[in-house]
Amino acid sequence: MSELVLRTLVDGQDAQRILAAKAPGLLVESAKLRYHPFAGFVFDVPQLAGRIGQAHALVDYYSGKAFVSDPWQVQDAEAGQPLDLVADPQWNTIDFDTARERAKALLSTAVLRRARLAWRGGIREKSSIAKVWKPNWVIEAKLEGKSYRIIVDGLNGGYFFIGS
């Protein structure tokens with residue numbers, strides 16, 4: 001499989017509630033669901049007592065940042081419902097092989113930190129997906145007369161400001 005779309009777990013109302021809890025006076029003007037391109041990887045990870053676990057990682061094609069993620073919940077294919085896909089801006093992008101290296105480095109570090117001296121290494125890539133479309137809410141909002149643009153992660157509700 002070379003492409004999949006992740007199911008949105010945080011809906012628009014949840015995204016707005018998350019922001020309102022942090023900034024009670026925030027007035028949301030719009031909330032738009034957009035899908036951002038990531039590379040996706042599943043690794044087999046040795047654990048204690050000879051067991052093997054799995055770890056999922058996503059790597060943002062635009063920022064190059066790697067994230068450990070929960071196992072992916074894939075969106076059902078809904079006929080006739082177009083997705084708002086973020087187009088490649090042609091700046092600050094990484095290729096698939098670089099994404100693979102970053103995912104593996106991130107997971108190796110995370111596993112080593114958790115297992116400490118008991119870890120013997122050897123994470124192995126089990127599968128990869130060239131394009132994982134990850135849902136994010138793009139929120140346009142005002143607070144105390146100032147405009148803000150905020151992204152709320154459609155998987156876990158994390159947020160960050162992308163403009164004001």
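Guide: Contact, or touching, means heavy atoms within 4.5 Å. The model is predicted: local features need pLDDT of at least 70 and side-chain atom pairs count only at pLDDT 80 or more, while totals for chains, interfaces and linings use all residues. Residues are numbered from 1 along each chain as its sequence is written, and side-chain values use heavy atoms, with hydrogens and water left out.

Visitor: Which pattern does the protein follow along the sequence?
Guide: Helices (H or I, at least four residues) and strands (E, at least two) are DSSP runs numbered from the N terminus. The protein has two helices and seven strands. Read in sequence order, these give β-α-β-β-β-α-β-β-β.

Visitor: What percentage of the contacts with a separation of 6 or more joins residues 24 or more positions apart?
Guide: The count takes in contacts in the protein with a separation of 6 or more. Within that set, the share from residues 24 or more positions apart is 66%.

Visitor: Is Lys 134 buried or exposed?
Guide: Lys 134 lies in strand E5, residues 124-143. Buried means under 20% relative accessible area, exposed over 50%, and partly exposed in between (1.4 Å probe, protein chains only). Because its relative accessibility is 7%, Lys 134 is classed as buried.

Visitor: Which residue has a side chain joined to that of Lys 134 by a polar contact?
Guide: A polar contact is a pair of N or O atoms within 3.5 Å; within protein, one must be able to donate a hydrogen and the other to accept it, and residues adjacent in sequence count only if both atoms are side-chain atoms. Not counting residues up to four places away in sequence, Lys 134 touches residues including Arg 34, Tyr 35, His 36 and Asp 153. The side-chain polar contact, at 3.0 Å, is with Asp 153.

Visitor: What is the relative accessible area of Asp 44?
Guide: Asp 44 is in strand E2. Not counting residues up to four places away in sequence, Asp 44 touches Ile 52, Gly 53, Gln 54, Gly 122, Ile 123, Arg 124 and Lys 126. Asp 44 is buried, its relative accessible area being 14%.
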